[in-house]
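Hi everyone, thanks for coming. Please have a look at the structure on the screen, and then I'll walk you through it.

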Amino acid sequence: MRQAAVETGVALAGAILSVFGLVHALGFTRDSAYLPTVVMGFLTLLLVVWAVRSALALRHEGGESMRFSPGHVRRFFTLLATSIVMIVAAPRLGFATTFLLFVPLSGMLLGYRRGKWLVVTAIIFSLLIYVIFQVVLDRPLPPEMALRLFTGI
Amino acid sequence: MWDSILSALPLLFSPAVLLAMAGGTTIGVLIGALPGLSATMGIAVLIPLTFTMDPLVALGMMAGIYNGAMYGGAIPAILLRIPGTPAGIATVFDGHPMAKKGQGLEAMKIALTSSAIGGSVSALALLFLSPPLAAMALKFGPVEVFWLAIFGLAAISVLLSDAPIKGLISACLGLVIGMVGIDSMTGNERFTFNVMDLMGGIDILVLLTGLYAIPPALTLAQEAMLLSRNSIGSGGRTRSGIGWRRLVPTWCRASVIGVIVGIIPGTGGNIAAMLSWNEARRVAKDKSRFGKGAPEGVAAAECANNADNAASLIPALTLGIPGSSVSAVILGGLLVHGMLPGPDLFTRSAPVTYGFILAMLVTSIMLFVIGRLGARLFINVMYMPPLLLAPIIIALTTIGVYAINNSLFDVWLMLAFGVMGWGMERLKIPLAPAVLAVILGPVAESNLRRAMLIGRHEVSYLFSSTIAIVMVTIIVLTVLVPVIRRLLTHYRGRPSKLAMASDPERARQRFEP
């Protein structure tokens with residue numbers, strides 16, 4: 001896909017959002033509205049200029065293109081999806097326990113095939129996280145399910 | 001000043017701080033050696049972890065990471081022709097040809113020594129230039145501080161990108177993010193959309209971690225670059241003998257260039273290294289050696305990019321104006337530990353501030369020792385599989401951000417900023433102006449309001465002092481830089497050195513053999 005086409009789309013979408021932001025900022029009280037109004041107005045203007053320039057660049061042949069191979073796209077969304085699942089699970093299972101599952105699972109889904117290293121890395125990393133955050137820094141984090149399973153506490 | 005330095009020394013040489021500096025330097029070299037990861041990312045990931053630490057322990061670690069990563073970037077630049085950090089681009093020109101000739105280990109030794117020298121000179125510049133500049137900042141009133149903040153924003157927005165419009169869009173985005181929450185002067189809500197978690201504003205750490213730690217992780221996973229042992233090699237064993245004395249003039253020139261470039265907001269290690277490499281080539285008797293494995297080329301590039309390090313903190317520490325993304329992140333680290341940049345840093349928090357400045361010096365020296373002892377380990381780190389590294393970075397940032405306020409909302413916000421940052425990088429929109437705007441926006445707004453109150457809402461009051469007029473002139477000139485650049489390119493038929501320095505790809509195409 002051509003870079004200019006993506007930029008035109010992003011700039012136009014951004015400009016529309018920015019106009020909404022400008023209207024929202026105009027609703028603030030006088031002293032609080034001054035800077036937001038100026039900034040949102042300027043941002044809208046910049047985005048419109050960017051959109052016009054990108055659209056003009058579309059008329060010329062050649063130019064830069066954005067290439068994403070299917071593998072790139074798959075790995076990007078895989079990591080994003082597993083990260084979202086990890087964030088949802090962490091408060092329920094505990095961070096170290098979640099990482100014990102998240103690191104090898106993500107690595108495997110992304111295409112890393114050395115099973116032994118996946119497991120060893122996940123165990124060492126989770127242990128380090130537990131020691132640093134719970135023992136050394138003493139941060140109040142959610143209870144660890146793995147610890148409950150192994151120790152019954 | 002000397003009293004403050006003396007009072008900082010016992011703190012600096014306490015076991016915890018020494019350990020933090022050594023650990024930070026080692027981590028920094030490892031981060032720099034991994035292509036795709038940078039000092040900014042390393043410090044951004046680390047800040048949440050240092051939240052509960054003693055300020056000097058945390059700052060010592062940051063100093064180590066900063067100096068270490070800048071050298072670490074030279075390792076893949078020399079051995080693989082892939083700069084580990086953007087500042088390593090000029091190291092490729094002569095470092096990799098040296099490796100191809102079997103002089104990889106020698107090139108690494110030159111890079112290490114040059115980095116240590118550049119870093120030390122830079123730290124001394126920070127030590128001696130900061131206090132007078134901070135004293136000068138005491139004369140600044142709300143008008144001058146307002147224009148200073150605008151200058152910082154304009155410089156980084158315009159100079160950092162080839163397309164200034166994108167830099168300005170990034171700055172505006174940052175200003176909007178900085179305005180989210182309750183207005184501290186009027187108590188009114190701005191851009192909160194009745195979301196309770198947004199009332200207190202967006203934590204700078206959440207933004208920093210999201211923008212600087214998540215995009216490299218996503219890119220690592222996406223590109224899944226795997227290196228084989230054959231592609232790296234051992235660095236070669238040919239020993240032609242390094243003429244160290246021959247490199248002294250190069251180090252002197254490179255250190256001066258690095259320090260000057262570092263002080264100018266909106267520039268960075270890559271520009272310092274490019275200019276220094278170019279200067280070394282210009283003064284050389286035999287210019288044809290450059291680009292084919294000249295030791296001076298490696299020394300010039302590495303010395304300058306490390307000489308930029310501490311110098312780039314001068315405007316950040318004294319005036320509160322970070323000139324680069326990494327100094328913005330370090331500024332975030334200072335804020336987390338309750339240290340407000342500006343003259344107060346050199347009076348109220350003097351022991352910790354001087355301790356941090358000395359830590360920049362000590363870690364530069366430590367870098368030399370650690371680099372020599374751990375050379376083989378640092379080469380081996382390049383085998384680290386990115387597909388495993390990417391989820392680890394995400395996990396580390398997640399728990400780090402959660403631990404700041406025990407807020408899951410912050411974690412979601414960080415992920416959202418991360419995806420936004422990844423998109424911005426793809427669209428070549430620089431991230432640094434957004435981060436700077438979040439820091440400088442509130443400074444500019446509060447001082448503008450104060451100035452308007454003092455000036456009874458007369459706009460002319462903003463131009464009432466000589467310093468203000470000088471600053472406005474500098475801002476106008478800074479904004480005109482892209483126009484001047486374009487005109488120069490048009491008349492010369494080729495891009496200027498500065499334009500090439502800020503665009504590594506263009507520089508590589510022109511200079512690489």
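**Where chain B meets chain A**

Let's begin with one pair: B:Lys166 makes a salt bridge with A:Glu7, with 2.8 Å between the closest N and O atoms. By salt bridge I mean a side-chain nitrogen of Lys or Arg within 4 Å of a carboxyl oxygen of Asp or Glu. The count between chain B and chain A is one salt bridge.

A quick word on the model: it is predicted, so local features need pLDDT of at least 70 and side-chain atom pairs count only at pLDDT 80 or more, while totals for chains, interfaces and linings use all residues. Residues are numbered from 1 along each chain as its sequence is written, chains are lettered from A and ligands numbered from 1 in the order written, and side-chain values use heavy atoms, without hydrogens and water.

How many residues does the contact take from each chain? There are 54 from chain B and 57 from chain A, where contact means heavy atoms within 4.5 Å. About 5,000 Å² is buried between the two chains, and carbon and sulfur atoms give 80% of that. Buried area is the accessible area (1.4 Å probe) that two parts lose on being put together, summed over both.

Now, the domains. In chain A, the assignment, which is automatic or from a database, gives domain 1 (3–59) and domain 2 (70–151). Taken over C-alpha atoms, the centres of domain 1 and domain 2 of chain A are 39 Å apart.
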